[in-house]
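Thank you all for coming this morning.

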Amino acid sequence: MFLTFVTFLPLLGAFALAFIPKENEGTIKQAALGIALVDFVLSLGLWMGFDNTTHAMQFEFNASWIAAWGVNYHVGIDGISLLLYVMTTFLTAFSILVSWNVKKHVREYMMAMLALGTGMLGVFIALDLFLFYVFWEFQLVPMYIIIGVWGGPRRIYAAVKFFLYTAVGSLLMLVAIIWIYFIVKDATGVFTTDLIYITQHLDVDLGTQKWLWMAFFLAFAIKVPMFPFHTWLPDAHVEAPTAGSVILAGVLLKMGTYGFLRFNLPLLPHASNEFIPFIAVLSIIGIVYGALVAMVQEDLKKLVAYSSVSHLGFVMLGIFALNEYGLQGALLQNLNHGISTGALFFLVGVIYDRRHTREIKEFGGITNYMPKFAVCFMILTLSSIGLPGMNGFVGEFLILLGMFQVNKMYAAGAALGVILAACYMLWMFQRVMFMQSNNPENEKLTDLDLREKILIAPMIVLVFWIGLYPKPFLKTFDASVSHLVSVVHPDNFRPGKAGGQHASVKIDKALKKIEKQTHKKSH
Amino acid sequence: MFLYAWAILFLPLLGFIGLSWFGDRLPGAKSGYAASAVVGAAFLVSFFAFGHLLSLEPEQRINNVAVLYPWIQAGSFHLDLAILVDPLSVFMLLIITGVGFLIHVYSIGYMDGDPEYTRFFSYMNLFIFSMALLVLAADFFFLIVGWALVGLASYLLIGFWTEKTSAVLAARKAFVMNVIGDVGMVIAAFVAFDAFGTLNFVEIFTEAPKLFGENDETVLLITLFLLVGAFAKSAQLPLHTWLPDAMEGPTPVSALIHAATMVTAGVYLVARCNVLYDLAPYAMYFIATVGATTAIFAGTIALVQNDIKRVIAYSTMSQLGYMFLAAGVGAYSLAMFHLMTHAFFKALLFLSAGSVIHGLHGEQDIRNMGGLKTAMPITCGVFLIGTLTLAGFPLTSGFFSKEAIIMSAYHAPMGNFLFWSLAVLTAGLTAFYSFRIFFYAFLGNSRNPQVKAHESPPIMLAPLAVLAFFSLVMGLAGPAVMHFLAPVFGGQIPVHYEDGLLESIALLAGLAGFVAVLGLYLTDEERLEMIKEALLPFHEILYKKYYVDELYDLLIVIPTKATGKFMDQLTEKKGIDFSVDKVGAVVKQISEEISAWQNGRVRTYALNMLAGVAIILLFVVFK
């Protein structure tokens, strides 16, 4: 029940806001922020009470909803969803404070933000396919409104594109859900959409697995977004208000990767193994392509958006390493991307608020006028590049380590992305921050104010915390990841081969040892 | 036992954090003293660790790991935050913190009056911290962390004057080159983890000889990928282009990072992994070849450069080539010995060049200098000592270390005539270019009478004197250094090869270089022009640094950018987006056509209904 309360609190808050008169903008903003903060603190309570040692669902709640179809209101949280959940409550509060200066329809804006919060939280806790689908579609609406009403000049185009892309994907997912529903019914005679039950009882041949996999894949790949389904993202980011971009990068994209972890891998493990090369190649293309296109962008927000395509390629690569390093790295990188890219979008917003432009060539020498801003920007730039000591590095290292065990060439290809990231991020940084400003407008810029400092401080703390001491984060993933690996590990699907990856390495080593000794003796 | 050695890391880290947060509140030059003090304290701790090691039996001096806390745990992968205290790391620390301290003190004077004085010192502390982390790391992971942080510190310091375009570009170039190296290191670490199931140095180095034979594929992969990192950091071919450009930073930075410490990281890495390299003779041969080639490559370029710092920068590259040559022929402790003497004389040269630039208010072109020996007598004296040491004048420290390397290049088991002759030729070139700048800058008459040169303040001259002293005498410490380091290199002490003939040739080469440049100096203008005319094509190639930068631009930078542009314009906008929009447009058109039927006219609706009924009827009848 507690989990349900935390999830629906923002929506309740949104309804409550409707009763505050429109003119009391200050009260509305404070109330919205208060609700979001309380929700964040409550979600921290979930983290405190979370048991790291089991992969089982926790804080579970199950009630019959539509009995005739076997649909339940079933929610729960495990190591895979917990930190995404906490990050969502955090970023919701963050975004509300980010949009403190919103001018137009303040009350409606805050209501949309809060409703969006509930929609996103629901996605991460739903343990019923139908419920998941409802939340999945529900969160689209407030996001569509936020982009469409409070966005930039081409907001309608971007909002419609965003909505249509995602809707097409989710339709296919609906087809797959219904198909699974009937397969399970045929196999066990039970009408149910319960995810846990289905995960345990779904047993289909490889051919069907592949079709189902493809349907889920499209829905989630669009959301991630993977190359070549990514073109909605730059438009959505550029047109969305700053807070919208933060949420988009921080949470919405994570729903895609979460979908792979919750559906494709545990439900369709054999197909997931079959599709490793497919995903790996698409991810690497995404990593390199995103980086190359980011390099030539003139618009700051677009550049960061394309860097997202590149970063999410890393996450996908980690997931489909299908081993513990890769999955842990991917889960951590999910958070890292939310923090670093979310904060970068915020900082771009800061400078946009002051100059009303995001064109890189308009800037230059900013470090002289906004030194604190420049330092924050540099830290997040470096975190995005994946500099050791900061969060991005730990994630990328684990992902590449995991992928390296699967296929050395994939890992090497992805490593190219790290080099390119250094190129385009530093090039951007240098053009915005360094050298002489040739635009007098820049000289009038004022440094971060108190609200902005309060916003950026936790992000920087997280960058270094995860970078220097990632253990508390990795520990929450541990049990769930181990369980997931035991389900999807390639060795389960290879005839006549048992034992984990390392067992085989050890055998190889032992063989080599014997070989060497015999070699020596023969001398 | 060595837990206190963590202080070597924490002191400069504290300095960095303290200065960057509270430095603005310190008045005037206080931040410079504070930064110097933490580095000095770190030096004292290093020195204590040195004494501690000496008090132990030689076999107890290695493999001392001090764990702070377990850092990461993901599956069977776990890592401790740990440092490795052994003769090699302590030897490096003494150089890093010792020379580093002197350079910090010097900077108090040099950077005086810079508006960003505090920021400068906080970066310097960050650099010392990163470098100490690099050499203290007990596993590949933290080695890479230190490795990358050193790259960052160098990025910040090269681009310290952010409004200077050339500095910013040079900083980025250095960072990107270093990231290429980082990626190589990361891949090497992966291969090592794959093979050994751990990243820990001690475990890997004990396991390696048991698991792998000579030139085993895995060992070759690890060692060669490590070299990508080593060559990038130490500016060896073909990853060298960042080092000369890095001279855009303030001169103390050039001295600290691009002479005495950072660039030596690659040599340290090879020495640290000597167990692996001993198993990979092919890789060793490769190191020696690249080292020897870089030595002569950089030596030739240095002949014709006119920027005083650039000449010294190329000489750094060339001397690093010597170190790699030594490591490549298996004489690791000779490489470390040359690393030490080089740290002294190169820091000396850079700092006295800095003193010259300071005295001339920013002038760096040697063609505009001259006659400085009267205006700056002390600087002139220490510069001469630096020049003599660099050129390997007998009984200076540079003589001992370089001569030993040249002899090993021929006589060591892996040595050969080619390595030796490249090394000797480079020795000749070294004498030529080092005396060329000395003659140009300090002798004769001033070529630019407008600028009134002045001697530098004592706070800058004192470190110079200390460095000059060490440059002169530290050559005598050679045998002691090699004994101290021996436990790390499996107890090996390089043989000192006696070969009168080869030794004399090497000395003669140096002498020839000196005589040549003296001859040129004494030649009158007219003949000089004639010689210049005759050698113009060669001069052009050397002056343009063999066109490597242009080549990289043409082969890598321009195509990459073009690809990005192409993708942005074509695949992105005309390809994917166009097709998506097209689908949207078609759907829209269809729905418009459908909606045309819903035009609100009852007659159309009736007609539609009639048609529908007719179709259903037909279907039912003909079923």
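Which residues of chain A do ring pairs link into a cluster? Before I answer, please keep in mind that what we have here is a predicted model. The cluster is made up of Phe132(A), Trp136(A), Trp213(A), Phe216(A), Phe217(A), Phe220(A), Phe229(A), Phe260(A), Phe263(A), Phe275(A), Phe278(A) and Phe320(A), joined to one another through ring pairs.

Staying with aromatic rings, the count over all chains comes to 71 aromatic pairs. One of them is the pair of Phe393(A) and Phe397(A), which is tilted, with 5.6 Å from centre to centre and 45° between the planes. Both of these residues belong to helix 18 of chain A, which covers residues 391-406, and they sit 4 residues apart, about one turn of the helix. Phe393(A) counts as buried because its relative accessibility is 7%, and Phe397(A) counts as buried because its value is 2%, where the cut-off for buried is under 20%.

A second pair, this time in chain B, is formed by Tyr332(B) and Phe489(B), and it is stacked, with 5.4 Å between the centres and 20° between the planes. This pair links distant parts of the chain, since Tyr332(B) is in helix 15 (residues 332-359) while Phe489(B) is in the loop between helix 21 (478-485) and helix 22 (500-522), 157 residues apart. Tyr332(B) and Phe489(B) are both buried.

Let me now step back to chain B as a whole. Chain B has 25 helices and 2 strands, and its C-alpha trace spans about 115 × 65 × 60 Å along the principal axes. Of the 623 residues in chain B, 58% are buried.

Next, the surface. In chain A, a nonpolar patch is formed by Val141(A), Tyr144(A), Ile145(A), Ile156(A), Val160(A) and Leu164(A), which together have about 480 Å² of accessible area. Helix 6 (140-150) and helix 7 (155-188) of chain A each supply at least two residues of this patch. Val141(A) is placed in helix 6, and Val141(A) counts as partly exposed because its relative accessibility is 40%.

On chain B, the surface carries a patch of negative charge, where Asp524(B), Glu525(B), Glu526(B), Glu529(B) and Glu533(B) gather. Glu526(B) is located in helix 23 of chain B, residues 525-543, and Glu526(B) counts as exposed because its relative accessibility is 66%, the cut-off being over 50%.

Finally, a few details of the backbone. In chain A, the peptide bond from Val224(A) to Pro225(A) is cis, with omega near -10°, and Pro225(A) is found in the loop between helix 9 (206-223) and helix 10 (232-239). In chain B, a cis peptide bond joins Leu237(B) and Pro238(B), with omega about -5°, and Pro238(B) lies in the loop between helix 8 (217-233) and helix 9 (242-245).

That loop between helix 8 and helix 9 of chain B is also the place of Ala235(B). Phi of Ala235(B) is near 55°, a positive value in a residue other than glycine. Is Ala235(B) buried or exposed? Ala235(B) counts as buried, because its relative accessibility is 0%.

Technical notes. Residues are numbered from 1 along each chain as its sequence is written. Chains are lettered from A and ligands numbered from 1 in the order in which they are written. This is a predicted model: local features need pLDDT of at least 70, side-chain atom pairs count only at pLDDT 80 or more; totals for chains, interfaces and linings use all residues. Side-chain values use heavy atoms; hydrogens and water are left out. Patches are made of residues with over 30% relative accessible area and no salt bridge: like charges are joined within 9 Å, nonpolar side chains (Val, Leu, Ile, Met, Phe, Trp, Tyr) within 5 Å. Accessible areas come from the Shrake-Rupley method with a 1.4 Å probe; for residues, only the protein chains shown count as cover. A salt bridge is a side-chain nitrogen of Lys or Arg within 4 Å of a carboxyl oxygen of Asp or Glu. Lys and Arg count as positive and Asp and Glu as negative; His and the chain ends are not counted. The place of a charge is taken as NZ of Lys, CZ of Arg, CG of Asp or CD of Glu. Buried means under 20% relative accessible area, exposed over 50%, partly exposed in between (1.4 Å probe, protein chains only). Rings of Phe, Tyr and Trp (its six-membered ring) pair if their centres lie within 6.5 Å; planes under 30 degrees apart count as stacked, over 60 as edge-to-face and the rest as tilted.
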